[in-house]
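I opened this entry to record what I looked up in the structure, going from confidence to fold and then to single residues. The sequence and structure come first, and my notes follow.

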Amino acid sequence: MLLSISIAGCVDDNSISQIPLDEVDLNISSPESLLNNSSIESEINLINESQAQIPPHYEKSGICTYVVDGDTLDVKGVGRIRLVGVNTPERGEPGYQEAKDFVKSKCLGKLIYLDIDDKKNNDRYGRVLAVVYVGNTNINAELLKKGYAEVMYIPPSEFNPYSWT
Ligand SMILES: [Ca+2]
Ligand SMILES: [Ca+2]
């Protein structure tokens, strides 16, 4: 009795205390159970990772349903978003397609988190000014870092895009 209690304590699983001692031994040494344990572990890691992939701060979220160009996209339930602090080339300008393709690959069909500019929620076209996150990746900053966009800093703004590069 004492022995079985101490083993249950080692394994750190109360349900095991119900299993006879020789069965516990068998399970631990069986390669199959090792395999199962590691797959459970990797599943837990996946869950932990996906829970960690959330931006430090955001006000709204939704699925990106359409990418207009490198700095403008639509989010279901929110509307048209203008990525704040950056500017990508307009249609017909060099780099337009590359910037758009990059944002499409990162955002289209994905769950997007929006950190909306607290100092100025909308631009003059009624688009929502925001930093777009996929997981905890700041897409506005990625556009700058990868050379798809230039800084377009229009104060007042909650964000300083110069701090992203
Ligand atoms: Ca633009
Ligand atoms: Ca905000």
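Over the protein chain the mean pLDDT is 84, and 71% of the residues reach 70 or more. This is a predicted model, in which local features need pLDDT of at least 70 and side-chain atom pairs count only at pLDDT 80 or more, while totals for chains, interfaces and linings use all residues. Residues are numbered from 1 along each chain as its sequence is written, and chains are lettered from A and ligands numbered from 1 in the order in which they are written.

**Fold**

I then looked up the secondary structure, taking helices (H or I, at least four residues) and strands (E, at least two) as DSSP runs numbered from the N terminus. The protein chain has five helices and eight strands, and along the sequence they follow the pattern α-α-α-β-β-β-β-α-β-β-β-α-β. Of the contacts between residues at least 6 apart in sequence, 60% join residues at least 24 apart. I call a residue buried if 20 or more other C-beta atoms lie within 10 Å of its own, exposed if 12 or fewer, and partly exposed in between, with C-beta atoms placed from the backbone; buried residues make up 23% of the 165 residues in the chain.

**Strand pairing**

Two strands count as paired if DSSP finds at least two bridges between them. Strand 1 and strand 5 run antiparallel and are joined by four bridges, with Ile-63 opposite Leu-111 in strand 5. Strand 5 also pairs with strand 6 in the antiparallel sense over four bridges, and here Tyr-113 stands opposite Tyr-133. Strand 3 and strand 6, by contrast, run parallel and are joined by three bridges, and Ile-81 stands opposite Val-128 in strand 6. Strand 2 and strand 3 are antiparallel over four bridges, with Val-75 bridged to Gly-79 of strand 3. The hairpin of these two strands has three residues between them, and in it Gly-77 takes a positive phi near 85°.

**Core**

Which residues have the most contacts inside the largest nonpolar core? By nonpolar core I mean a set of buried Ala, Val, Leu, Ile, Met, Phe, Trp, Tyr and Cys residues joined through C-beta atoms within 7 Å; the largest has 25 residues, and those with the most contacts inside it are Ile-81, Cys-107, Ile-112, Ala-130 and Val-132. At least two residues of this core come from each of strand 1 (60-69), strand 2 (72-75), strand 3 (79-83), helix 4 (96-107), strand 5 (111-116), strand 6 (128-134) and helix 5 (139-145). Strand 6 gives the most, with six residues. Not counting residues up to four places away in sequence, Ile-81 touches several residues, including Leu-73, Val-75, Leu-114, Ala-130 and Val-132.

**Helix 4**

I checked the length of helix 4: at 1.5 Å a residue, counted over one less than the number of residues, its twelve residues should span 16 Å, and its end C-alpha atoms are 16 Å apart, which agrees. Ala-99, Lys-100, Val-103 and Cys-107 are buried in this helix. They cover an arc of only 95° around the axis, which puts them on the same side of helix 4, the arc being that of the directions from the helix axis to the C-beta atoms. What covers these buried residues includes strand 1, strand 2, strand 5, strand 6 and helix 5. Gly-109, with a positive phi near 80°, follows helix 4.

**Single residues**

Ser-61 lies in strand 1 and counts as partly exposed, with 16 C-beta neighbours inside 10 Å. Ser-61 and Ile-112 are 51 residues apart in sequence, yet 5.4 Å apart in space, C-alpha to C-alpha.

After strand 8 (150-151) I found Trp-164, which is partly exposed with 17 C-beta neighbours inside 10 Å. Beyond four places in sequence, Trp-164 touches Asn-138, Asn-140, Ala-141 and Leu-144. Pro-156 is also in the segment after strand 8, and a cis peptide bond, with omega about 0°, joins Pro-155 and Pro-156.

Conventions
Contact = placed C-beta atoms within 7 Å. pLDDT = per-residue confidence, 0-100.
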